[in-house]
Amino acid sequence: MSAQPIFPPLPLLDAERSALLARLTDGLDASALHWISGYAAGLAARGAPALAVVSAKDRDVDVAPTRVTVLYGSQTGNAKREAERLAEALRGEGADVRLVRADAYPTRELADERVLFVVISTQGEGEPPDDARGFVEFVSGRRAPKLEHLQFAVLGLGDSSYPQFNAMGRILDARFEALGAKRLFARGEADVDVATVAAPWLVQAREQVRALKSANAASVVPTAVATASHAAWHKEQPYAAELIVNQRITARESTQDVRHLEIALDPSLAYEPGDALGVKPRNAAAVVERLVARLGWSGHESVRIGDEIRSAHDWLEGHRELTRLHRGFVQQHAVRAKSSVLDALLAADAPAFNDWLTARQVDDVLAEFPAEWAPGEFVAALRPLAPRLYSIASSRKVVGDEAHLAVAVFDAQGPFGVQRGVASGFLADAAAGASVPVYVEANERFRLPQDASRDVIMIGPGTGVAPFRGFVQERSAVGAAGRNWLFFGARHARSQFLYQLEWQAALKAGTLHRLDLAFSRDTAERVYVQQRLREQGREVYTWLDGGAHFYVCGAIAMGKSVHAALRDIVIEHGGRDAEAADDYLNELQRAGRYARDVY
Amino acid sequence: MSEPLSSVETLKRESRGLRGTLRESLDDAVTGALRESDAQLLKFHGSYQQDDRDLREERRLQKLEPAYSFMIRTRLPGGVATPAQWLALDALATRYGNHTLRLTTRQAFQIHGILKQDLKPTIAAINQTLIDTIAACGDVNRNVMVSANPVESQAHAEVQADAIVLSEHLLPHTRAYHEIWLDEQQVVGADESEPVYGPTYLPRKFKTGFAIPPINDVDVFSQDLGFVAILEAGELVGYNLLAGGGMGTTHGDARTYPRLADVLGFIRKDQVIAAATAVLTAQRDHGNRSDRKLSRLKYTIDRLGVDAFKHEVELRIGEALQPARSFRFQHNGDRFGWIEGIDGRWHHTLRIESGRLRDSESIRGLSGLRAIAAEHRGDFRLTPNQNLIIANVAAEDRARIDALLVEHGLHEQLRGATFRRFALACVSLPTCTLAMAEAERYLPTLMDRVEALLTKHGLRDEPILLRVSGCPNGCSRPYLGEIALVGKAPGRYNLMLGADFEGRRLNRLHRENIDEVAILSELDALFARFAAEREGDEHFGDFVVRTGIVRAPQTIAAEVSA
């Protein structure tokens, strides 16, 4: 019997459409391709006739009035979550909602937008989240189009303990107006207790959209972002995980106490390398007791906030920020303390006040400026205790149903005694076997390349090395063909070389290919990772040119220095001028090849 | 030899003149250690890689490598150092080391706790003081010892000069040291052949000492190569040549043993180099290069026979050795306090417990010697018993030295029972990689307990040689202790008894692998018998041999004569 003839698969598209499809998809990155496939799937789900492709003309006429774009820029996931809620709510109003991450948004379409909602967080000292850098740059720059047809509203997310609170929301809000757009309603400025501001803002958005809605209600169009499967455990309902290992990993002579923590997870708590673990801490009992004593309470006083009733002690221990001050509390305290010093501070310029604020915890202010507080008022004046996020330092392919963390214990001498970080202190003091409330916070912006043959360059000084332990574990477990290059730094090699034995073993095993080190206090001149990066500039550029992905994790200032070094490397070794280098790096960022997780 | 060569032999041969990959190892920031092969080669450059063994387990849990550091040992023939050299070494110990200086049983300085990145600056700085560290360790001739005897000043000067010339003659010729540590440019095509050593150096370490009777402080019978100065009417006429001493043994290996050197004969003063070269090259060519446990000269001599070995040496010298001249030792200890030399200069011997100079609350040894070195116009002599002589002091300067000693708490070093001033301990834990039990850190406690026993038996003023070693290799020359503890495991030792007070009789194993309770109870009983049964002013070591508590061990006649 002769061989069966092999037929090509029956083509679903004719040649013309195949060519169109090829032209359409040529050069698109993964997120755009996903968007198209989602779009098509949505069409199919609607049972649209095969040829019901909406023409540009039809769309202008029928869809434009109620088409809404919800754009978000998110670093830790809060802004993304609010944007998702908004999109969901607007869809409930029958709007045609496009939910899009800022770096996936084609900026040339901005001129044609009619209704735009922006949800954006502000990082560190007034910076955009990494995924919104390009968008903010575009909107702020000279190339931004007139937006006379646009109606918009902005929800900013921030942390009022930083001086540039909600700077991104303010900048975009003002800029849209300057470009001719019409503000639908006032900007929202959410603090760390996001919902307080976000929920009413969302109600307003809904009402506005309802008002705008035309008689021809358009259907929901599938969005670029697949709806995340709702995990059983989340921020509001963390999983009570068991701490298995709490091991100090800096030597006894190190003034910095870094802990390696191993936490047993429920199998449903899936995470990818690069994700963060949210930890819901409790304030140290001793801190609460000191505070209660200072205020002259018993701690048993019953306090009701909203629908919740707890003892004052319970509120303070488990539900209120005692380590991070905010302006609102200081204002209320100033009234009670009748202190001219406090009044002067509140009247001072923002940087001076902020310096004062960050150097103190709640108890320090009470010690320095005694005042009477009723328990209910005091609890209400403080902000809710927010979970803290830590980059996960492991791969499930290696550690199974566990998450490992590398946590630097914050311990500083304050004006009135030792100040301790609430979450790092909570974790450091927890013994093996203790229960730790956790949830997984996905960080889709910080992912290993899909293509395992790509090289990766990882910059992770201090505990910034945490996600890269996960990366190297993952790449080793899947047998990734790409090379791994790590830059690590600390003050002293002998006492602060985090995971030294593991990196040595990885180098020996060939799962880590290069390790460049900067120990700033071991040498006469202080040397940091960005300097090592510059020294290896040619090689770094060669890797990037060959498709390498570049990751940075750690302190904000380090992230800036590394960025500057990288930019210089692209200029020097890539033969580009400054502008072209910026374009190159923006393109890397957009393509997901330059990811930062800085804090 | 039909046996395969030991791996160290291959390493030496392929080391490109002891260079290995030391430079690459030093530059590797991922570890504070050297590659294994380079750690071996480093010994030839005068340094040992060590780690703080107290911290090993703690750091393993911390996912950190062991706390590696380096010990640097000087080559300092006869242990003579100038005040300027003292100050320089003190500064290095304080800047790079662990804030202590260690005076060794081979009259060298050791600086401990140097980190890898500080090795090169430290070695370079030592060389700037005109002291080097070449061949202070490794399979070569080590630091040459000379009796610290300062009284016989003329003879000491002559013997010291011979020792220096010999030490220089037996240095390796490779320029590796100068290139790696002193940034000397490598000369392409330079002749680096080793005329004395050959490409694989010696099979094992090789120790040389010069004794000036009547003091045997260098324990000349423990040396591979010994010279006993022969003085006639105060004039140095030559030396008796000794060969084949050695302390090191291996627990549980009956083929290994400590051995006292044989007296081969007499040589003229002008034959020192020729005789030393003959003994050393005979060992080079006949020593065991397969099993490093059996490669010291003592085994070579026992394998060949003393007469055959002597014949071999005579062939290499080119003439027969003369018969040995008569000599006699009185003791192998130091003479403490001020002593006047025959030239009218004064010498003050300070007791330094375990040779460790550090600043503690009561005794500020490091600061005290720093203050003395800043004013002292003579020199310093490190004694083979880990003590220190402030030598060549003019009579009028004595009071100032005394004042500085008092000021720093160094004047009461001789308090307590007499045996304390003779006690020796090796470094051992936490830094020595070979250590099996505590030595230096245990000595103070042990001495307190032994003193209590001696006091109980009315023996508080009895001079007894107590030596403690953390392993059987014998850096504190334990097999020449009247009482010695040789470490077997944490808290457990072999109790050795029966050496004499002059360094001419070995001791023997009395109780094996016992703990402190057993050691003290054994000593309690022995001291009781000694107090009751001793004859005249018989020494403790002689007593245990005479009464058969231990069998008579290897002994050199009290008076060696032709």
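Helix 7 of chain B (residues 153-169) holds 17 residues and should span 24 Å at 1.5 Å a residue; its end C-alpha atoms lie 24 Å apart, which agrees. The expected span is 1.5 Å times one less than the number of residues. Helices (H or I, at least four residues) and strands (E, at least two) are DSSP runs numbered from the N terminus. The buried residues of this helix include Ala155(B), Val159(B), Ala163(B) and Leu166(B). His156(B), Glu158(B), Gln160(B), Asp162(B) and Ser167(B) are also among its buried residues. Buried means under 20% relative accessible area, exposed over 50%, and partly exposed in between (1.4 Å probe, protein chains only).

The model is predicted: local features need pLDDT of at least 70, side-chain atom pairs count only at pLDDT 80 or more, and totals for chains, interfaces and linings use all residues. Residues are numbered from 1 along each chain as its sequence is written, chains are lettered from A and ligands numbered from 1 in the order in which they are written, and side-chain values use heavy atoms, without hydrogens and water.

Chain A comprises 23 helices and 21 strands. Of its 599 residues, 49% are buried. Contact means heavy atoms within 4.5 Å. Among contacts in chain A between residues at least 6 apart in sequence, 76% join residues at least 24 apart.

The largest nonpolar core has 88 residues. Such a core is a set of buried Ala, Val, Leu, Ile, Met, Phe, Trp, Tyr and Cys residues joined through side-chain atoms within 4.5 Å. Trp86(B), Phe210(B), Phe227(B) and Leu241(B) touch the most other members. Helix 9 of chain B (residues 272-286) supplies the largest share of this core, seven residues. Beyond its neighbours within four places in sequence, Phe227(B) contacts residues including Leu166(B), Phe210(B), Leu241(B), Val272(B) and Ala276(B). A second, separate core of 36 residues includes Ala423(B), Leu446(B), Leu520(B) and Phe543(B).

Helix 9 and helix 10 of chain B have axes that come within 10 Å and cross at roughly 75°. The two helices are therefore roughly perpendicular, a term for angles of 65 to 115 degrees. Val279(B), Gln283(B) and His286(B) in helix 9 meet Leu297(B), Thr300(B), Arg303(B) and Leu304(B) in helix 10. These contact residues divide into three nonpolar, three polar and one charged.

Helix 10 (residues 297-304) also packs with helix 11 (residues 306-317) of chain B, at about 110° with axes 6 Å apart. This pair, too, is roughly perpendicular. Leu297(B), Ile301(B) and Leu304(B) meet Val306(B), Ala308(B) and Phe309(B).

Definitions and conventions. Axes are lines fitted to C-alpha atoms, for helices over the stretch in contact, and angles run from 0 to 180 degrees between N-to-C directions. Angles under 35 degrees count as roughly parallel, over 145 as roughly antiparallel, 65 to 115 as roughly perpendicular and the rest as oblique. Ala, Val, Leu, Ile, Met, Phe, Trp, Tyr, Cys and Pro count as nonpolar, Asp, Glu, Lys and Arg as charged, and the others, Gly among them, as polar.
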